[in-house]
Amino acid sequence: MSIRVSNLSFSYGERLILDNVNVIAEPGQLLSVIGPNGVGKSTLFHCMLGLLNGYKGQITIKGKDIKGLDVNEMAKLIAYVPQSHYPSFNFSVFDMVLMGTTVQVSAYSTPGKEQIKLVETALERLGIAHLKDRGYTKISGGEQQLTIIARALVQQTSVLILDEPTANLDFGNQILVLTQIKYLARDGYAIVQATHNPEHAFMFSDRVLAIHGGKVLADGMPSNIVTEELMRKLYTVDIDVQSLYQDKVRVCIPKIVIEDNHPKV
Amino acid sequence: MFKNKKRVPYSVIILGLGILLVVAIMFSFFLGRYPINPSELFGILLSRVIHIKQFWTDQMATILFNVRMPRILLACLVGCCLSAAGASYQGIFQNPMAAPDILGATAGAAFGAALAILHNQNHLMITLYAFVFSLLTVAIVYFISKKAQGKQVLGLILAGIMVGSLFSAGTSYIKLVADTSNQLPAITYWLMGSLSGATTTTVAIVLIPMALGLIPLFFLRWRINVLTLGDDEARTMGINSTRLRIIVIMCATLVTAASVSVSGMIGWVGLVIPHLSRRLVGNNYKHLMPATMLFGAIFMLLVDDVSRNLLQTEIPLGILTAFIGAPFFVYLITRKEETF
């Protein structure tokens, strides 16, 4: 297996954020982590990426314990796709992706021909080669997300961590980005992504992990996780889950209650 | 089809800046009170390499080598250093408005120089005081930021503002108690920035810290790119962001301290030149760093030419750069977004 998190606990001071969490991500699998805001998804990802070290438990990538590995060694094992954000400086798409190759070049040099080739291949693979000379801040949110995914690909790791890759994207771009992520999983990457959309988790994932209150609430096949019972428990609102097209799609319908006599402010 | 079209022009632009710098240096040799014509200039310069029968006066050679040459070299070095430091700070603090004085290096240098003048020290000692106090200020800022809670970058910038203003207040106090007939004008003049004290010795002295800072900044330029994305992202890409930031701060501080210790306070260059360079070659530090170093050298040299030749008395550099810097600032905040 590619990445394994065993009995992971993490606390900020007195506050326990993660409580005995277990995660396994296999090569060729897309694992979606769902759960409300503030349940520890980001903390879990930060631990897996080696950005947080004060955890209890063990995290191994390709059988190697990551505790005590330096940033350079970590960057060769696992790549990160953060939520798209506005950078301080406008880099070209090409330069942005080229930054992913930094770990392959020595501290005092700049990426060379070999790295440029990697970037071109990654841009082509994600269908954004035509954007390479555009400024990163001037392209659409979906294109930005694909750019950051390309940057993770050129890092040449076998594990990818994506933090809500479809946040802030319009409907069409969400599907476009998720489709590309699905292809990457099919090509052999072990992918762990956070998502706020259980319907997407159902449609695209090979496996879903539901986290609530720092604990793993459920872990398994999407069809076993995206259920009425679990969704209601996870998001603490009344939700109907409907299965459509012979269970190819599941729709989560929240029961909305608008009270007529709701007090005015 | 995948050939990066932008890359070729960028290196051509950098080469162009290099040629422009050589032309500007040649041109600056002619400027000055004492007229030297082109054939005399080339004769004197060439005589250092090959043997030529002397057709110029000894005085010309002395002026050229002992007065104009150190001043030209110093102008280039100071411009190069301040611009490189500004560009580096902007990158590592993810702040396009950062300038070489962001961590209090200039405020500390000013205090040191004022203190030296108050103690009637000679020119060399003023430079030394300025240099030492400049480094001391940034060291204090750094240690305060280590104790600060919350974000490291914010802590550094706030500590820089605080310690900087403290040293500025110290400078004001020295001005208050200084002898108004000779010390106060000397302090005031130093604070306005000038290269008039340039000698071969000063060039030789500051060249060491400048080289020690500029060379790492130049070679680390690709990594500065990655640091502009923020600490977490940089770390996941294999960059030890804390260590890299410290190295860049040390180098940028070293060159800033060396510059202000010989030139006095020259504002705006470290902010304006990196931004003009960004317009020319984009934000990728691979091209930005060499472009900004060359551009800074050219700019400073030309401003210094104006400073020493426009009027009978020298115009302080700080005043000239502010005249150019302030309108540029207005342009920066009102410009249209770049459209590539």
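How many bridges join strand E9 (residues 207–212) of chain A to E10(A)? Five bridges join them, and the two strands run antiparallel. This is a predicted model, in which local features need pLDDT of at least 70 and side-chain atom pairs count only at pLDDT 80 or more, while totals for chains, interfaces and linings use all residues. Residues are numbered from 1 along each chain as its sequence is written, and chains are lettered from A and ligands numbered from 1 in the order in which they are written.

**View 1. The open sheet of chain A has six strands.** The strand order is E6-E7-E8-E3-E9-E10, with mixed pairing; strands are DSSP runs of E of at least two residues, helices are runs of H or I of at least four, and both are numbered from the N terminus. Two strands pair if DSSP finds at least two bridges between them. Strand E6 (78–81) and strand E10 (215–220) are the edge strands, each pairing on one side only. From one strand to the next, the twist averages 20 degrees. Ile211(A) has Val216(A) in E10(A) as its bridge partner.

**View 2. Helices H6 and H9 of chain A lie across strands.** Helix H6 (residues 171–186) lies across strand E3 (30–34), strand E7 (159–162) and strand E8 (190–194), at about 150 degrees to E8(A). Helix H9 (residues 228–235) lies across E3, E9 and E10 of chain A, at about 155 degrees to E10(A). Angles run from 0 to 180 degrees between N-to-C directions, with axes fitted to C-alpha atoms, for helices over the stretch in contact. Contact requires C-beta atoms, placed from the backbone, within 7 Å.

**View 3. Asn168(A) has a positive phi.** The value is about 65 degrees, although Asn168(A) is not a glycine. Asn168(A) lies in the loop between E7 and H6 of chain A. Asn168(A) is partly exposed, with 14 other C-beta atoms within 10 Å; 20 or more would count as buried and 12 or fewer as exposed, with C-beta atoms placed from the backbone.

**View 4. Tyr245(A) also has a positive phi, near 50 degrees.** Tyr245(A) is found in the loop between strand E11 (239–244) and strand E12 (249–254) of chain A. Tyr245(A) counts as exposed, with 7 C-beta neighbours inside 10 Å.

**View 5. Chain B is in contact with chain A.** On chain B, 29 residues are in contact with 30 residues of chain A. Helix H9 (221–227) and helix H10 (231–236) of chain B are the elements that give two or more residues to this side of chain B.

Terms used: Two residues are in contact if their C-beta atoms, placed from the backbone, lie within 7 Å.
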